[in-house]
Amino acid sequence: MEIKKKLVMTFKTSNGKNISLSVDDPRENLTESEIKSAMTLVLSKGVFIVNGEELAALVDAKVVQTDTTEYDLVV
């Protein structure tokens, strides 16, 4: 079984749609304050344009953990 984690940060675009950016394997001791600061920096720099729309607001952030079990079906 393989366990993966990613930080998913959701922003609202200038036309009101939500868009998510994700970072694989976030640091274990990452704080809410650090995440908010990073998201605010991304927003203020305006480096991402999605379908011609700039990111306009912070929505939420979460760490998502998935576990995967693969099966060998070759007989």
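Mentor: Here is the setting, followed by each pair in turn. Keep in mind that the model is predicted.

Begin with the sheet. It is open and has 4 strands in the order S2-S1-S4-S3, paired antiparallel. The edges are S2 (18-24) and S3 (49-50), each pairing on one side only. S3 and S4 (residues 53-68) are antiparallel over 2 bridges. There, Ile-49 has Glu-54 of S4 as its bridge partner. Helix H1 (residues 32-45) lies across S1 (2-13), S2 and S4, and runs at about 140 degrees to S4.

Now the charged pairs. The count is 3 salt bridges.

Take Glu-2 and Lys-4. Their closest N and O atoms are 3.8 Å apart. The cut-off for a salt bridge is 4 Å, so this pair counts. Glu-2 is partly exposed at 38% relative accessible area. Lys-4 is partly exposed too, at 46%.

Next, Lys-5 and Glu-28 form a salt bridge, with 3.3 Å between the closest N and O atoms. Lys-5 sits in S1 and Glu-28 in the loop between S2 and H1, so the pair ties together parts 23 residues apart in sequence. Lys-5 is partly exposed at 26%, whereas Glu-28 is exposed at 65%.

Then comes Arg-27 with Glu-34, where the closest N and O atoms are 2.5 Å apart. Arg-27 is partly exposed at 45%. Glu-34 is partly exposed at 35%.

One more residue belongs here. Thr-31 lies in the loop between S2 and H1, and is partly exposed at 36%. Its C-alpha atom is 30 Å from that of Asn-15, 16 residues away along the chain.

Key
Residues numbered from 1 in each chain as written. Predicted model: local features only at pLDDT ≥ 70, side-chain atom pairs only at ≥ 80, totals over all residues. Heavy atoms only, no water. Pairing = 2+ DSSP bridges. Contact = heavy atoms within 4.5 Å. Axes fitted to C-alpha atoms, helices over the stretch in contact; angles between N-to-C directions. Buried < 20%, exposed > 50% of the residue type's maximum accessible area, 1.4 Å probe, protein only. Salt bridge = Lys/Arg side-chain N within 4 Å of Asp/Glu carboxyl O.
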